[in-house]
Amino acid sequence: MRIENVIKKFNQDEIYRYPKCCANSKITGISLCCENSHRYDFSKKGYIHLINNYKKTKYNEELFVARKNIFETGFYKPVLEVLKVLMEKYSKKIVVDVGCGEGYYIRNLKKMFPNKYFFGLDNSKSAVKTAVKVDKDNPYMLANLVALPFKDKSISCVLNILTPANYEEFFRVLGEEGYLIKIIPNADYLKEIRNLVNAGEYTNYDTIKLIENTCDIVERIRVNNTYRLTEILAKNFLKMTPLTFSKKLSENDIKSLKEITIDLEILVCRKKYEVK
């Protein structure tokens, strides 16, 4: 991809903050430059790399290709339909998907809301590389959630879908008026795979309590569906989840996975106000 076309995808407003020194930054030429004369160059591969001393994660290309295959089959379309409604209610101009993976959600949301900016941010190079291969519209960043590359109060909405959270950073960039849309698994999420790998029962009790203590929850929506699987789909589901990181998959595993449950909690959150 021509470097000029990569840069065109990025919002040209001065909304950026340099992740290392936290200075105000702006796009200059082919780089993101800060007031302290630091710079990160945009890549012809279609994104900008903002992680110093990058270390490879367990989330590899095979996992994200499998996720892409599953998303394209429509298992998570009900989640996308809920997000469409929530985008209309709670997002303004700029949305950041923190932990965007292969970019399924913002790629489709951009088609629904062409006048919004959707940034994809992930700390896995495999995720970002997979995303930019199919998404020619949205800007992607290889970055860490411990230091989001945006100024205070510069973002209207943060998506955080089945990935770790940093609430302090989220509400720094959101301010008091922005919204966090957090998606977490419920007890039955991928329960068939949990049973297969003997992962034990799952509860999101602690996660919900942390969110309640950190945020004001504005809205909660549950998405729950169970689907039948072909062997090809079963293989992709087994490859797309960290539940199988420690298990060597066999043909019997694939054949035994006959159905899958998608059970998710979608929470719309705002910054919690301290009671004086």
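Mentor: K68 touches E102 and V134, leaving aside residues up to four places away in sequence. Contact here means heavy atoms within 4.5 Å. This is a predicted model, in which local features need pLDDT of at least 70, side-chain atom pairs count only at pLDDT 80 or more, and totals for chains, interfaces and linings use all residues. Residues are numbered from 1 along each chain as its sequence is written, and side-chain values use heavy atoms, with hydrogens and water left out.

K68 sits in helix α2. Helices are DSSP runs of H or I with at least four residues, strands are runs of E with at least two, and both are numbered from the N terminus. The side chain of K68 also makes a polar contact of 2.8 Å with that of E72. A polar contact is a pair of N or O atoms within 3.5 Å; within protein, one must be able to donate a hydrogen and the other to accept it, and residues adjacent in sequence count only if both atoms are side-chain atoms. An α-helix has 3.6 residues a turn, so residues three or four places apart point the same way.

Now the whole helix. At its N-terminal end, N60 is the cap: a side-chain oxygen lies 3.3 Å from the backbone nitrogen of E62. Just after α2, G74 takes a positive phi of about 105 degrees.

K68 is buried, as are L63, F64, A66, R67, I70 and F71. Buried means under 20% relative accessible area, exposed over 50%, and partly exposed in between, with a 1.4 Å probe and protein chains only. What do the buried residues of α2 pack against? Their partners are α4 (104–112), α5 (125–134) and α9 (231–240).

α5 leads on to a sheet. It lies across β5, β7 and β8, at about 165 degrees to β8. Such angles run from 0 to 180 degrees between N-to-C directions; axes are lines fitted to C-alpha atoms, for helices over the stretch in contact. The sheet is open, has eight strands with mixed pairing, and runs β5-β8-β7-β6-β9-β10-β12-β11. Its edge strands, β5 (48–49) and β11 (215–228), each pair on one side only. Two strands pair if DSSP finds at least two bridges between them. β5 and β8 (residues 140–142) run parallel, joined by two bridges. There, H49 stands opposite L142.

α9 has a charged link to α2. K239 and E62 form a salt bridge, with the closest N and O atoms 3.1 Å apart. The pair spans 177 residues, from K239 in helix α9 to E62 in helix α2. A salt bridge is a side-chain nitrogen of Lys or Arg within 4 Å of a carboxyl oxygen of Asp or Glu. K239 counts as partly exposed because its relative accessibility is 28%. E62, at 45%, is partly exposed too. The structure holds 18 salt bridges.
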